[in-house]
Amino acid sequence: DLTSDTKLCPPERNILREIYISAKGGEWTKSSLWLDEYANHCLWFGVECDEKDEFVVKLKLNSNGMSGTLSPNISSLSFLEHVDLSDNDIKGTIPTEI
């Protein structure tokens, strides 16, 4: 399991993976490249990263058929500046840290 290797699998990728699983990503309207082991997480649908393609700065997954819950680890995306999850069916609370 390479998920603990930060060179091959950056921590932000693991956090996005948790978001995908907790929000029932398999049922999303659009989820291109999500969890693709060979695709940089910055290329996943709705994910925008900084200029160096290192850190997630935007998550734009509005109107995407999301349900389930939002992983509390979303607050660990330290450089996240914009989140749009509107018009989805997310249950529970949104972490106050974001």
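**View 1. Salt bridges in the predicted model.** The structure holds two salt bridges, and it should be kept in mind from the start that the whole structure is a predicted model. In one of these pairs, the side chains of Glu-48 and Lys-60 meet, with 2.9 Å from N to O. This pair links distant parts of the chain, since Glu-48 belongs to strand S1 and Lys-60 to strand S2, and the two residues are twelve residues apart. Glu-48 has a relative accessible area of 31% and is therefore partly exposed, and Lys-60, at 35% relative accessibility, also counts as partly exposed.

**View 2. The salt bridge of Lys-91 and Asp-89.** Here the side chains of Lys-91 and Asp-89 meet in a salt bridge, and the N to O value is 2.8 Å. Lys-91 counts as partly exposed because its relative accessibility is 44%, and Asp-89 counts as partly exposed because its relative accessibility is 43%.

**View 3. The largest nonpolar core.** In soluble globular proteins, nonpolar side chains tend to be buried together. The largest nonpolar core of this model has 21 residues, and those with the most contacts inside it are Leu-16, Ile-19, Trp-34, Val-47, Val-56, Leu-59 and Leu-77. Two or more residues of this core are given by each of the elements helix H1 (11-22), strand S1 (47-49) and strand S2 (56-60). The largest share, four residues, comes from H1.

**View 4. The surroundings of Val-47.** Which residues are in contact with Val-47, leaving aside its neighbours within four places in sequence? The contacts of Val-47 are Leu-16, Trp-34, His-41, Cys-42, Val-56, Lys-58 and Leu-59. Val-47 is also among the residues with the most contacts inside the largest nonpolar core.

**View 5. A nonpolar patch on the surface.** Val-83, Ile-94 and Ile-98 form a nonpolar patch on the surface, and together they have about 250 Å² of accessible area. Val-83 lies in strand S3, which covers residues 82-84.

**View 6. Two loop residues with positive phi.** Lys-24 is found in the loop between H1 and S1, and its phi is near 55°, a positive value in a residue other than glycine. With a relative accessible area of 43%, Lys-24 is partly exposed. Asp-53, in turn, is found in the loop between S1 and S2, and although Asp-53 is not a glycine, it has a positive phi of about 55°. Asp-53 counts as partly exposed, at 41% relative accessibility.

**View 7. Thr-96 and Ser-75.** Thr-96 has its place in the segment after S3, and it counts as exposed because its relative accessibility is 76%. In sequence Thr-96 and Ser-75 are 21 residues apart, while in space they are 8.2 Å apart, taken from C-alpha to C-alpha.

**View 8. Confidence in the prediction.** The mean pLDDT of the protein is 90, and 91% of its residues reach 70 or more. Among the elements of the protein, the lowest mean pLDDT, 94, belongs to H1, and the highest, 97, to S2. Where pLDDT is low, the predicted coordinates should not be read in detail.

Technical notes. Residues numbered from 1 in each chain as written. Predicted model: local features only at pLDDT ≥ 70, side-chain atom pairs only at ≥ 80, totals over all residues. Heavy atoms only, no water. Core = buried A, V, L, I, M, F, W, Y, C linked by side-chain atoms within 4.5 Å. Buried < 20%, exposed > 50% of the residue type's maximum accessible area, 1.4 Å probe, protein only. Contact = heavy atoms within 4.5 Å. Patch = residues over 30% accessible without salt bridge, like charges linked within 9 Å, V, L, I, M, F, W, Y side chains within 5 Å. Areas by Shrake-Rupley, 256 points an atom, 1.4 Å probe, with all protein chains shown as cover. Salt bridge = Lys/Arg side-chain N within 4 Å of Asp/Glu carboxyl O. pLDDT = per-residue confidence, 0-100.
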